[in-house]
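Subject: Structure for your review

Dear colleague,

Please find below the structure that I am handing over to you. My findings follow it.

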Amino acid sequence: MAGKTLASRRYAGWWRWLPMFSWWPNVNRTTLRVDFLAGLTGAIVVLPQGVAFATIAGMPPEYGLYAGMVPAIVAALFGSSWHLVSGPTTAASIVLFSVLSAHAEPGTALYVQLALTLTFMVGVVQLVMGFAKLGTLVNFISHSVVIGFTAGAAILIATKQIQHFFGIEITRGADFIETLKQFALQITDVNPYVLTVSVITLILGIATRRLFPRAPYMVVAMLGGSLAAVILSQLIGSQASIPAVGALPAVLPPLSSPDFSMDTLRELAPGVIAVTLLALTEAVSIARALAVRSGQQIDGNQEFIGQGLSNIVGSFFSAYVATGSFNRSGLNYEAGARTPLASIIAALLLMLIVLFVAPLVAYLPNAAMAAILFLVAWGLIDFHHIRQILRVSRSEAAIMATTFFATLLLDLETAIMLGVMLSLGIYLSRTSRPNVLARVPDPDSPRRKFVTVQGELSECPQLRIIRIDGSLFFGAISHVQEQLQKLPEADKRKHLAIVASGINFIDIAGAEFLVNEASKRRQAGGGLYVIRAKEQVREFLERGGYADEIGHENCFQSKTDALRYIFSKLDKQVCESCQLRVFRECGAPAADTTEQSESETGRPLPKVGAGR
């Protein structure tokens, strides 16, 4: 027992440096069996996906397979998720193409060199962000941005495959609008044999996915499309003219080296942030979604480190940018994977499969690959969440639509940054408009709980009580001042009590607002009172000396103590003629109540943090 405890402590210590020690003790014969089966399934699925995604990225087909080997193993060893599978993805591939196609011809040796260099740079940025504990930064890419970008990317993917699906010629590098124009002009030149292969592949993929959900529909569709192309070629002959992908090299990932020249690094730097943000958002979002289902706790910073190391190491093994794959990660979880060993097994099995299957890709038609990518594109469009966003929030819908059209019409890195900026703008707009509610004691509540002023509830003619829900920072001060002025009889009440339990954060501008408000009301013969401020707010006011300027005696943690003290400061002549009786203290003569506040409590007036 003692030995087991010692081993557990050893694993707990190593976990900080190598996360595999947190899950390795859970590996046994049962988990090894289910992880092997899940890994085998993942290896079969990544084979067609890797080829397809490499095509999207403008890379030779084999590089999509390389991206699913070494990076997947490194990410599994150093990431925090037990089910996330890293490798080539649609979104990362299309952003890579967008960034690099302006610098080199896709598919060329120079293009591949730039892709490996960009992968290394992305990995370094991810690793630095992980060590700097910047895992929360991906939260600033809102769900609406991701939905809009993904939908736009899906349409771009399908648009890029039009030439292969219909057997026509489209100028390489043509943008979205230009591609549609050229397609419209060549609609009568469609190759019927290529289109036949495309449609057969498409139908097979859809049918397999619906009728046999557990079957690898991509593999079935590719085999069916390849068989159709062979039959047509035999029947029609060379007239069919159905181009194929070509054989892949049956070798393990060759060693490679990024280009570390300053000119290249400077040339690629602008696109690194966009690729990094997208890759990390994809990986962390998928990891969190699976963690909710599995009950695992995800460390975003550790996931950054794992993704960074996978791309750094992968760039030396002929892998382009890898990140978390939603399809393969979801399949990994559904297949029963228990530990990251499933991802490692999948990568190792993929290496073996490539050695035997790679030559057969020579029979895979471009038309079949285009049809597969049409299916991938359709699956990327999240119709459920698009409808939900359109129905629920106009601002989120605007962000989604802007990102969507920017993805279609602008550079992808520009679209991502635009979506992030819009999300931040909406966020700042919301946080800079905290709720300011007028409050009064509820006469029907035994404890006289504070409620929002409405209906027949009356306010004290000398004291206004408000509740601020939100942060009191420089961006919110103007809004709070405007809301105070909009309250009825804003200038007649000399005393202002702020229920501060809803203020989560305060900065210098917020503290100075309270000080100025306190000074203005003191000069008018009244006062400012802060009730039930949170600990971090109280500490900030104390540390900056703002509590001294507001007055320690005007800060309370108990509403009862606060009202008793404030009542003693009210104009008793006004109280005697007032018939509202808003507070309990109003029922007693003013003089008696004053004596109670000073003698019955038996203690000095409370300072910040005091009260009950």
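Two strands are taken to pair if DSSP finds at least two bridges between them; strands (E, at least two residues) and helices (H or I, at least four) are DSSP runs, numbered from the N terminus. The model is predicted, with pLDDT of at least 70 required for local features and 80 or more for side-chain atom pairs, whereas totals for chains, interfaces and linings use all residues. Residues are numbered from 1 along each chain as its sequence is written, and side-chain values use heavy atoms, with hydrogens and water left out.

The sheet

Six strands form an open sheet of mixed pairing, in the order S4-S3-S5-S6-S7-S8. S4 (450-452) and S8 (555-556) are the edge strands, each with a single partner strand, so one side of each has no neighbour in the sheet.

S5 pairs with S3 (residues 435-441) in the antiparallel sense over five bridges. In this pairing, alanine 438 has isoleucine 466 as its bridge partner, and valine 436 has isoleucine 468. S5 and S6 (residues 495-499) run parallel and are joined by five bridges; here arginine 467 stands opposite valine 499 of S6.

Helix H21 (residues 477-486) packs on the sheet and touches S3, S5 and S6, where contact means heavy atoms within 4.5 Å. The direction of H21 makes about 45° with that of S3; axes are lines fitted to C-alpha atoms, for helices over the stretch in contact, and angles run from 0 to 180 degrees between N-to-C directions. Helix H25 (residues 559-569) lies across S4, S5, S6, S7 (527-531) and S8, at about 170° to S7.

Helices H3 and H6

The axes of H3 (residues 29-57) and H6 (residues 90-100) come within 7 Å and cross at roughly 25°. The two helices are therefore roughly parallel (angles under 35 degrees; over 145 is roughly antiparallel, 65 to 115 roughly perpendicular, the rest oblique). H3 contributes Phe53, Ile56 and Ala57 to the contact, and H6 contributes Thr90, Ser93, Ile94, Leu96 and Phe97.

Threonine 31 also lies in H3 and is buried, with a relative accessible area of 5%. Beyond its neighbours within four places in sequence, threonine 31 contacts Asn26 and Arg338.

Yours sincerely

Methods. Buried < 20%, exposed > 50% of the residue type's maximum accessible area, 1.4 Å probe, protein only.
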